[in-house]
Amino acid sequence: MELQYKKYFILLFLFASATGSFGQNMAINTGINTKNPGSRLTVNGSVAGDYKIINANAVLGFTDYYTAYNGNADAMLHLPPAGWGSLKGRVYSIKNTSNYMLTVIAPAQETIYGTANMSSVTVPPGYYAKLVSRGTVTGSTWELLAIMDSKVTSVTVKKALDYAYGMARESSNISAFTLSDSNPTLIPESQTMFTMPVASPVILNVAVGLAGDVSPAFYNTSPYFRCEIIIDGVATNFFQIVQQHSLNSSLQFKISGVFNLSAGPHGIWLNITRWNDLGYVYVPTFKVLSVVYDGVYLD
């Protein structure tokens, strides 16, 4: 009879190993639905914990994991005492889904450690708390891992700035300008105003197209130009440097950034600088083909 039991056990072990439903390596790691567990416990699949909704005072027990309070009055949720047994590492997740206050209370003579030792933790409506047992039997037996606002609010993307200028290169009304030295020069048609209804970070995308208008035959070089966003008269240090491949070729700048802006009106424009002439001194002239600003914020 003993031989028969051993035979059944060997067959069961071989079957479990062959199907991959159970695995154990030399490091004594255990795997569920995996043959090569890399941790002390590796689960190849979903993990479930107990889910419970309460509507009155309660005491958390051995089988509790996630508890939601949805009562019609303030309530108290008691943590189990350390004397119940080995609680080290036990985690409780608690959410207050009611409109009332929920107080999580440590057992008598025990405390919860957050930034200091506390006898209780208050979980306001819409908030979530997570605690873990420290494995001690006196003093600070529980630790507060997190307490946060879990209320979901809708977010709307709103337009802060929407500006576009465009002109054909052959147009008689096209704006032209020159850069006589290395000082920043305002790009015509790039200056505009916009108003922020609230203080908020703004995500801004800028695109600029310039056409070179001078092509001296005796110059054979590729100078560099620097374009920077200016907001309220202050250089933002958001810029792009572009090389002009020939003296009459076009320049295209694309600049993006996030700017913290106060509520109220704001001015924006672009400055361009002759960044490097590569040893050749000349007076470049450009025509403004396009300027596009697109700015959004979250409300």
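Buried means under 20% relative accessible area, exposed over 50%, and partly exposed in between, with a 1.4 Å probe and protein chains only. By that scale Asp 294, at 26% relative accessibility, counts as partly exposed. The structure is a predicted model, in which local features need pLDDT of at least 70 and side-chain atom pairs count only at pLDDT 80 or more, while totals for chains, interfaces and linings use all residues. Residues are numbered from 1 along each chain as its sequence is written, and side-chain values use heavy atoms, with hydrogens and water left out.

Asp 294 forms a salt bridge with Lys 159, the closest N and O atoms being 2.5 Å apart; a salt bridge here is a side-chain nitrogen of Lys or Arg within 4 Å of a carboxyl oxygen of Asp or Glu. Because Lys 159 lies in strand 15 and Asp 294 in strand 24, the pair ties together parts that are 135 residues apart in sequence. Strands are DSSP runs (E, at least two residues), numbered from the N terminus. Lys 159 is partly exposed, at 45% relative accessibility.

The search of the whole structure finds four salt bridges. In another of them, the side chains of Lys 52 and Asp 64 meet at 2.8 Å, N to O. Lys 52 is in strand 4 and Asp 64 in the loop between strand 5 (58–59) and strand 6, so that the pair links distant parts of the chain, 12 residues apart. Lys 52 is partly exposed, with a relative accessible area of 27%, whereas Asp 64 counts as buried at 8%. Glu 143 and Arg 134 also meet through their side chains in a salt bridge, at 3.3 Å, N to O. Two strands count as paired if DSSP finds at least two bridges between them. Within this order, strand 6 (residues 66–69) and strand 8 (residues 91–96) run parallel and are joined by four bridges. Thr 67 stands opposite Ile 94 in strand 8.

Strand 23 is the next element to follow. Of its 13 residues, 10 are buried, so strand 23 is largely enclosed by the rest of the structure. Strand 20 pairs with strand 23 in the antiparallel sense over eight bridges, and the bridge partner of Arg 226 in strand 23 is Thr 273. Strand 18 pairs with strand 23 over five bridges, also in the antiparallel sense; here Phe 194 stands opposite His 266. Strand 17 (residues 185–186) runs antiparallel to strand 23 and is joined to it by two bridges, with Thr 185 opposite Ile 272.

In soluble globular proteins, nonpolar side chains tend to be buried together. The largest nonpolar core of this model has 32 residues, and those with the most contacts inside it are Ile 187, Leu 210, Ile 229, Phe 253 and Leu 270. Such a core is a set of buried Ala, Val, Leu, Ile, Met, Phe, Trp, Tyr and Cys residues joined through side-chain atoms within 4.5 Å. The strands that each supply at least two residues of this core include strand 15 (157–166), strand 20 (224–231), strand 23 (264–276) and strand 24 (285–298). Apart from this core lies another, of 20 residues, among them Val 104, Ile 112, Val 123 and Ala 129.

Leu 270 has contacts, meaning heavy atoms within 4.5 Å, with residues that include Thr 185, Ile 187, Val 208, Ile 229 and Tyr 293, not counting residues up to four places away in sequence.

A nonpolar surface patch of about 370 Å² is made by Ile 32, Leu 41, Val 43 and Val 47. Patches consist of residues with over 30% relative accessible area and no salt bridge; like charges are joined within 9 Å, and nonpolar side chains (Val, Leu, Ile, Met, Phe, Trp, Tyr) within 5 Å. The areas come from the Shrake-Rupley method with a 1.4 Å probe, and for residues only the protein chains shown count as cover. Ile 32 lies in strand 2 (residues 30–32) and is partly exposed at 44% relative accessibility.

Gln 109, in the loop between strand 9 (102–105) and strand 10 (110–113), has a phi near 70°, a positive value in a residue other than glycine. Gln 109 is exposed, with a relative accessible area of 76%. Asn 237 has a phi near 65°, again positive in a residue other than glycine, but its place is in strand 21 (residues 234–243). Asn 237 is exposed, with a relative accessible area of 55%.
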